[in-house]
Amino acid sequence: MKILTLIKLTVDVSQLKYEKDGSPLVEIAPNKMGDSDKCAVEEAIRLKERYGASVTVLTVGATRDHERIIRDAYAMGVDEGYIIEVEEYQKLQATTIGDIVKAFVEKTGPYDLILLGAGSLDTHSYTLGSIISSKIGIPIISSVDSLSYNGSIVKAESVMEDGVYVFQAPPPLVITLTTEANEPRIPTLKTILKSKKMEVKKLRLEELGVKPRYVTIEDVRKYFVERKKIIIDAGEDLEKAVETIYSILKMEGLVK
Amino acid sequence: MKILCYGENSEWIKYSRIIIDKLGGYPYCVTPSRELAEESSKYFEETYFFNGGVYEPSKYCRAILEVAGRIFPDVSLFPSTIKGRTIAGLYAGARDESIITDIVDVDHEDSVLKLKRLVYGGSCIATIKSTLPATLCITPGTQKPPETSRKGSIEELRISLENRITVSLNPRVGGGPPLEKSDLVVAAGRGFKNREDLEMVRELVSLTVNSAWSVTRPLAAEYGWADNWIGISGVTVNPRIYLAVGVSGQPLHMVGARNSKIIIAINKDPNAPISQEADYFIVGDLYKILPKLIEKIKTTKTSST
Ligand SMILES: Cc1cc2nc3c(=O)[nH]c(=O)nc-3n(C[C@H](O)[C@H](O)[C@H](O)COP(=O)(O)OP(=O)(O)OC[C@H]3O[C@@H](n4cnc5c(N)ncnc54)[C@H](O)[C@@H]3O)c2cc1C
Ligand SMILES: Nc1ncnc2c1ncn2[C@@H]1O[C@H](COP(=O)(O)O)[C@@H](O)[C@H]1O
């Protein structure tokens with residue numbers, strides 16, 4: 001079995017700081033492999049351990065941190081890793097990343113499974129999996145919270161607004177995973193040391209014959225609505241706390 | 001401008017009409033059932049439907065692409081839900097056009113779209129420009145267009161919808177009343193320890209005017225305690241009062257609540273992020289505060305009648 005896993009270098013949103021005017025200081029925010037991508041890598045390694053598979057990872061970007069997340073994937077057990085070098089990777093349109101993956105698959109594939117994160121938390125689109133699916137012509141199962149494979153059929157559960165969906169199909173498939181899918185392993189010192197010696201392969205867009213399209217971003221601002229921030233400690237004065245909520249409801253005419 | 005909308009459910013069909021009016025264009029809708037087509041025909045000039053059965057994205061996408069192949073839309077609208085995004089990605093991939101998700105506001109100058117979208121997990125809003133044609137996934141809101149007596153045309157699509165993926169659905173049962181047009185929305189978070197404890201929320205809703213309740217995503221998606229949730233992957237509401245109980249206030253949740261006029265939060269952790277986003281931040285145990293509040297409303301009611 002051949003598995004391709006996509007990983008994205010993602011801004012750690014919880015550590016984002018802001019300029020006075022509310023623009024985010026993205027350049028100085030810490031970066032990491034996307035949380036759901038890590039689950040995709042973990043799922044690929046589990047399939048490799050159980051059924052034997054070669055696992056390739058791919059990331060699109062051009063910084064040293066991209067090399068770092070490829071090595072993080074090596075340390076988890078991935079066999080080979082590629083960086084597709086694009087300077088302005090953060091502004092790429094999702095459809096261009098789809099074109100890149102398609103060209104890469106034509107060069108190195110075919111793959112039985114393409115695993116990726118359901119969505120990244122920074123400049124997410126939550127749609128790359130299905131874009132790839134239609135570009136390559138392999139069916140998709142998206143937003144998977146739990147995955148199993150019996151050697152011939154993939155069974156995947158996805159929790160949605162109206163209930164739990166269970167999808168079943170044989171490979172080839174594109175599958176996007178949520179952070180519920182598994183607990184990614186922590187690499188051991190031994191695998192970390194080994195990962196440092198492995199080669200990270202690089203390809204340029206021209207080598208893949210892909211013309212990039214970019215998003216035109218005019219402005220990015222902190223999304224925040226100023227509030228009164230009146231604090232009432234109910235531990236000190238429960239009556240006052242209850243009275244406050246009650247009087248607001250009453251003032252707005254919402255108490256029957 | 002021709003606008004094609006995927007009519008996933010009846011709340012979204014209504015809300016999408018508001019977006020379409022903002023963009024100004026001739027509206028078409030594709031729905032996965034005859035029932036939804038009836039609903040859509042009240043708001044859309046032309047509706048196409050297919051008997052989709054249980055959701056499967058490639059099957060649904062084929063039907064929508066069929067209509068797109070006939071009408072050549074400039075803008076295609078999908079709700080930014082799990083299903084909506086998945087179908088939209090297939091659709092934009094097949095048409096090789098740009099796709100933008102998590103859109104909270106739309107505008108256009110001539111044939112350039114100006115869109116506001118959420119980024120960085122709901123912490124920021126980005127303003128971006130896009131040329132046409134484009135596929136847009138809009139964060140569903142709860143506003144409704146005015147009722148009309150319009151009756152648009154309805155046509156059934158007769159296309160083969162077989163697919164390689166088999167799918168079954170275990171539907172979720174029981175949740176709160178609909179959130180649309182509520183003046184008070186009570187949102188319950190993981191501060192609630194048991195499903196039965198939500199009874200307090202239901203009672204509060206029954207004692208107040210034009211109110212509804214919902215939850216944070218873990219309570220709905222993980223525990224199955226409600227049908228809908230508020231936030232980036234759920235519903236956006238705009239009530240007069242938003243009462244968040246046992247909710248920490250992660251941006252992914254708060255983006256669904258920031259349009260509220262007044263935000264009141266009950267949380268036992270004085271440093272919970274929601275302390276920064278509330279007008280009234282009540283520090284304390286919900287298990288002590290809610291029963292007292294309910295009692296207060298009940299006694300005041302009986303004494304005044
Ligand atoms: C891709 C993605 C999409 C997401 N989309 C959404 C979304 O649309 N909507 C959403 O809500 N979440 C969403 N989330 C999850 C989100 O990040 C948070 O995990 C979630 O909102 C937290 O829910 P919570 O506040 O109920 O729970 P917690 O963060 O666990 O907070 C519980 C709070 O309750 C308080 N508490 C505990 N006991 C009591 C008590 N007795 N009395 C008073 N207070 C108490 C605690 O102090 C705490 O602040 C998403 C996550 C991901 C990864
Ligand atoms: N630049 C990228 N390089 C590699 N994989 C990516 C990239 N962007 C997105 N992906 C993959 O697509 C998933 C969904 O990302 P997004 O479309 O940003 O929500 C991510 O979790 C990754 O698995």
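**View 1. A:Ser143 and its contacts across two chains.** Setting aside neighbours within four places in sequence, A:Ser143 is in contact with A:Ala118, A:Glu157, A:Ser158, A:Thr176, A:Thr178 and B:Ile82. Contact means heavy atoms within 4.5 Å. This is a predicted model: local features need pLDDT of at least 70, side-chain atom pairs count only at pLDDT 80 or more, and totals for chains, interfaces and linings use all residues. Residues are numbered from 1 along each chain as its sequence is written, chains are lettered from A and ligands numbered from 1 in the order in which they are written, and side-chain values use heavy atoms, with hydrogens and water left out. A:Ser143 sits in strand E7 (residues 140-144) of chain A. Helices (H or I, at least four residues) and strands (E, at least two) are DSSP runs, numbered from the N terminus. A:Ser143 is buried, at 12% relative accessible area. Buried means under 20% relative accessible area, exposed over 50%, and partly exposed in between (1.4 Å probe, protein chains only).

**View 2. A nonpolar patch with residues from chains A and B.** A:Leu121, A:Tyr126 and B:Leu252 make a nonpolar surface patch of about 210 Å². Patches are made of residues with over 30% relative accessible area and no salt bridge; like charges are joined within 9 Å, nonpolar side chains (Val, Leu, Ile, Met, Phe, Trp, Tyr) within 5 Å. A salt bridge is a side-chain nitrogen of Lys or Arg within 4 Å of a carboxyl oxygen of Asp or Glu. Areas come from the Shrake-Rupley method with a 1.4 Å probe; for residues, only the protein chains shown count as cover. A:Tyr126 belongs to the loop between strand E6 (113-117) and helix H4 (128-136) of chain A. A:Tyr126 is partly exposed, with 31% relative accessibility.

**View 3. A patch of negative charge on the surface.** A:Asp233, A:Glu236, A:Asp237, A:Glu239 and B:Glu295 gather here. Asp and Glu count as negative, Lys and Arg as positive; His and the chain ends are not counted. Each charge is placed at NZ of Lys, CZ of Arg, CG of Asp or CD of Glu. B:Glu295 is part of helix H8 (residues 286-304) of chain B. B:Glu295 is partly exposed, at 47% relative accessible area.

**View 4. B:Asn271 in a loop of chain B.** The loop runs between strand E14 (262-267) and strand E15 (280-283). B:Asn271 is exposed, at 65% relative accessibility. B:Val283 is twelve residues from B:Asn271 in sequence, and their C-alpha atoms are 9.4 Å apart.
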